[in-house]
Amino acid sequence: MDLLFTHALFLEGAGAPLRRDVSVGIRSGAVAFAGGEPPADFAPVRTIDCGGGLLMPGLVNAHTHSPLSLLRSRGEGLVLQDWLRQVVWPYEARHTWESCYWGALLNAAECIRSGVTCLCDMYIHSEAVAQALEEAGLRALVTPTVTDELLAAEPDRLETIARLADRYQGNPLIRVGIGPHAVYTCGGALLDASARLSADRGLPVHVHVSETEREQADCLAQHGCTPLSLLDRHGLVGPNTLMAHCVHLTEADIALARQRGATVVHCPRSNLKLGSGIAPAAAFLQAGIPVALGTDGSASNNNQDILEELRFAALLQKGVLRDPTAVSLDQAIAMATSAAGGAMGFPVGRLTPGAPADLILLRRDAPQWHPGFSPEAELVYAAPTGEVALTMVGGRILYENGRYATIDLERLCAALPRFAP
């Protein structure tokens, strides 16, 4: 099925020049052409007039815990460890397949409406999470959480993850990785086993790293090294590793991350809200480390708005460093669109012919987009949230002008009270 967008302000990807009044064709789930003459046999069944709106690659949320949408606004005012022990872990002990399914679907609805086309999830009951995200039509890397406590309760948990990876092998939307939670919840034996499973099955690794000063200090006291060094000793740091937070990395850690080719996932608003600090994202960029963006779960953020995350990420670095050049517009847009693709294993962030048609359309009729000197700057610093008019993954429209094509929002919201904490 051919579909045509016309009169678009078109951004092929971060660093590419904006092009005005462009027509973009979609065929068989991929970009057929962007500008110029369409193929002679191109026969769109629908034409969408963008009216000068910004057509760009979909956004990527590279660190979230989808079912934690059910805990939104719970445990306010707590530091990370107290928040985990008093709010998150007690609720998670009561989680079921059903609650994780509906929580993940709620998260998917919010992501889609916010322009997210691809996400990386770390949670329990990952079979339910994967099913919800696939039904919603999102592209996702699902990384089941592993901890010593979870493994004690479910001794075959690693085998279950391997079977889940086999189930989704070759699936165009869902990939499976492994999520060793953190060095303070995973002992050496589990870290080694996680590394072996990752290597044997080619599974990406998704892990929390140096989120708090306490995590850093405790690891130094117990192991004589930083969390990143400890993970590296166990073979868990490489090009397919997504390291969430990284608020307190040392200079040696930064050099190690660059050497191993790992990707940092910067979560500025969650780190601010939990009082964890501000990650040195500009230093990561300067070192040549890929830096992606994540919202974290909605229990600690409290939303999944990557455009808002993008704004915080750029502004915080400029303010902390007292340097307005600390994060460029191109770098900021790459953080939100393409930076996580290598580690996640998805071809995201570029709308070249042949690339998957994972894209969003943003309205530009609000006052904040005018007078229009730099649409890139307006996207990063001025555009109001809620400007997403259309979200598409693989050529399939998931959301358009307030309506979901893949999620029954009324049914979803009616189901949620059953899972109240």
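**Pockets and overall form of a predicted model**

Visitor: Which residues lie nearest the centre of the largest pocket, and how many line it?

Guide: W89, E92, I124, T147 and L150 lie nearest its centre, out of 30 lining residues. Residues are numbered from 1 along each chain as its sequence is written, and the model is predicted, with local features needing pLDDT of at least 70, side-chain atom pairs counted only at pLDDT 80 or more, and totals for chains, interfaces and linings using all residues. Side-chain values rest on heavy atoms, without hydrogens or water.

Visitor: What makes this space a pocket, and what makes a residue part of the lining?

Guide: On a 1 Å grid over the protein atoms alone, a pocket is an open set of points with protein on both sides within 12 Å along at least five of seven lines, and lining residues have an atom within 4 Å of a point. The largest pocket has a volume of about 670 Å³, the space filled by probe spheres set on its points, which are joined across faces, edges and corners.

Visitor: Which element gives the most to the lining of the largest pocket?

Guide: Helix α1 does, with six residues. Two or more residues each come from α1 (80-92), β7 (116-123) and α4 (148-153). Helices (H or I, at least four residues) and strands (E, at least two) are DSSP runs, numbered from the N terminus.

Visitor: How many residues of this lining are nonpolar, polar and charged?

Guide: The lining of the largest pocket has 14 nonpolar, nine polar and seven charged residues. Ala, Val, Leu, Ile, Met, Phe, Trp, Tyr, Cys and Pro count as nonpolar, Asp, Glu, Lys and Arg as charged, and the others, Gly among them, as polar.

Visitor: What is known of the second largest pocket?

Guide: It holds about 200 Å³ of space. Its lining includes Q81, R85, W89, R214, D218 and H223. Helices α1 and α7 (213-223) give two or more residues each, and α7 has the largest share, six residues. By class, the lining divides into five nonpolar, three polar and four charged residues.

Visitor: Why is the protein chain called as compact as a globular protein of its length?

Guide: The radius of gyration, taken over C-alpha atoms, is set against a globule rule of 2.2 Å times the number of residues to the power 0.38. The chain has 16 helices and 18 strands. Its radius of gyration is 21 Å, close to the 22 Å that the rule gives for 421 residues, and therefore the chain is as compact as a globular protein of that length. Its C-alpha atoms fill a box of roughly 65 × 45 × 40 Å along the principal axes.

Definitions and conventions. 1 Å grid on protein atoms, 1.4 Å probe; cavity = no way out; pocket = protein on both sides within 12 Å on 5 of 7 lines; lining within 4 Å.
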